[in-house]
Amino acid sequence: MSNSGRWRRRTRSVAPSPATSSPSSPGLREAQPFRLPQWKFSQVLGELPPAAEARRDGAPRPQDDDDADEISAIEFDGRGEYLAGGDNAGRVILFRRTDGDGDDARPRAELERTDRAGAPPPRYSYATEFQSHEREFDVLDSLDISERIKKVRWCARPNSSLLMLAANDRTVKLWKVSEHKAEAPKKGNGRPSWGTAALSAATKLPRGCSSAEPDERPEKAAGDVGDGYSAKCRRVFGRAHEFNIHSVSTNCDGETLVSADDVRINLWHAEVTRQCFNIVDMKPADMEDLVEVITTAEFHPSSCSMLAYGSSSGLVRLVDLRRSALCDHSVRMFQDRENRPQPSTFFSEIISCITDLKFTGDGEHLLTRDYMNLKLWDLRVETSPVATYKVHEFLRPKLSELYTDDYIFDRFGCCASNDGAYFATGSYSKTFRVFSRAAAQTCGATLEASTNPYRIQLHAPTKIPALLSNFSLGVHRKGQDGHPRSDGKEQVSCNMASKVKHLAWHPAENFIVCAANSSLYMYHT
């Protein structure tokens, strides 16, 4: 297990110099009618020492503590006051916004100078962490269930306590985190005591049926988790999935939620754990006839009856729970019929698989991510997206090699600003892409998860790679004298083992958080 003090000690804030922040020359910027905002490094949480980071970026190695610390899910709460992250070891780590603390004690003149200079970017510090899931063994199926956190979702706050959902492969838990009023958060480097919550193996719950469990399970308390916080498991939503859970979404009504696996989507009431309703079931009578699986599901941000889910065939289905309780057929299907590659190949369906989808804050547009592209959809138009942002187009000639090494099955997330003006998604080489809906071009900006986000643009070649075998090693081929090769086969520097899969956008500000391995990098405009 990792020491939680790592999150406290490894916190830095270094703004890049203006000379290295610009991705293009001033002349080019003046020629464009619209330009993306300049992103600046804000801080990093949980950064590893240089030696450990170098070892992580090298060749594959056995599972160790660094892999257990890898961030597997992140999300802001509705106010942007807290940031939650889950890791491969089944822990949930909480960070609290601290840039506004102590304003009441600051002199009035200093506050006025701050107002004139503009509001500073949000700053977060380690608050606490607790053990949400532990490794289990399904005796009936002889299956090892990982403790890895697949999703974290915030729930509405009824009072000063925090409510959140955390899910692993088979179980969703509702946690209540409270701050002790009599004791201020400590700032020492002590290690919090983790609580544990282990559940029996998950089994299938048929459509509309109840399990034999009591309606209200007793609270399982993780107790005092240190740093002035306590965590309690209030609900356990289990025994409803026979395949691995990949999506959890809370409804804006504050009363219901959905959990989704490869073939089913279940609707839960937040107060009832012994019963759920199966609203989507794509499992055939014979599993050999299965041609499509569910890959992601998300509730609409303002309409409590609308739910969208994506599939492995590249389809996005939008359902209205008011039209039919069973949503297998009463759907609107969004499919990019105009830009489908012709002719169809063996890899066409794999690269069109929807890996993530998000609604924009206004609820009028939908953002989807597949392996190659990020697409923006208008909910009124089902035949084609409003815009297509190319992310991995340079990898298209090497799909066969990506398939051999299983990189083609990587799942990248996406996020959108609250006003729907900007979008972001992850990529390889610890980079992520930021796009603007107002920009005339859809190329966007490529940023690196480091203290200098534009460093990768200073020396990235423009030629398509001639060989993919060097990708996993991050090799940038040059001539023997150190200059670019004269044969025109310049190698793109691309580290396939180092990925940015998870991102989160602040609900009220232009502020992005991305997870790279076990670190969280934060950027502001």
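Q: How many disulfides does the structure hold?
A: The structure holds 0 disulfides, where a disulfide is a pair of cysteine sulfur atoms within 2.5 Å. Please keep in mind that this is a predicted model, in which local features need pLDDT of at least 70 and side-chain atom pairs count only at pLDDT 80 or more, while totals for chains, interfaces and linings use all residues. Residues are numbered from 1 along each chain as its sequence is written, and side-chain values use heavy atoms, with hydrogens and water left out.

Q: Is Cys-353 buried or exposed?
A: Cys-353 is buried, with a relative accessible area of 16%, whereas Cys-155 counts as partly exposed at 22%. Buried means under 20% relative accessible area, exposed means over 50%, and partly exposed is in between, with a 1.4 Å probe and protein chains only.

Q: OK, and what about the whole protein, how many helices and strands are there?
A: There are 8 helices and 32 strands; both are DSSP runs numbered from the N terminus, with at least four residues of H or I for a helix and at least two of E for a strand. Of the 525 residues, 51% count as buried.

Q: Which strands are joined to S32?
A: Strand S2 (residues 40-45) is joined to S32 by 5 bridges, and strand S31 (residues 511-516) by 6 bridges; S2 runs antiparallel to S32, and so does S31. Two strands pair if DSSP finds at least two bridges between them.

Q: And which residues are set against Tyr-523?
A: Tyr-523 in S32 is the bridge partner of Phe-41, and Ile-512 stands opposite Tyr-523 as well. In the hairpin of S31 and S32 there are 2 residues between the strands, and Asn-517 takes a positive phi near 60 degrees.

Q: Switching to rings, how many aromatic pairs turn up?
A: A search of the whole structure finds 20 aromatic pairs. Rings of Phe, Tyr and Trp (its six-membered ring) pair if their centres lie within 6.5 Å, and planes under 30 degrees apart count as stacked, over 60 as edge-to-face and the rest as tilted. One of them joins Tyr-389 and Phe-435, whose centres are 4.8 Å apart with planes at 35 degrees, so the pair is tilted.

Q: Where do those two sit?
A: Tyr-389 lies in strand S25 (residues 387-390) and Phe-435 in strand S28 (residues 431-436), so the pair ties together parts that are 46 residues apart in sequence. Both Tyr-389 and Phe-435 are buried.

Q: What is the arrangement of Phe-432 and Tyr-523?
A: Their ring centres are 5.6 Å apart and their planes are at 45 degrees, so the pair of Phe-432 and Tyr-523 is tilted. Phe-432 is in strand S28 and Tyr-523 in strand S32, 91 residues apart, and the pair thus links distant parts of the chain.

Q: Which residues form the aromatic cluster with Phe-409?
A: Phe-346, Phe-347, Tyr-403 and Phe-409 form one aromatic cluster.
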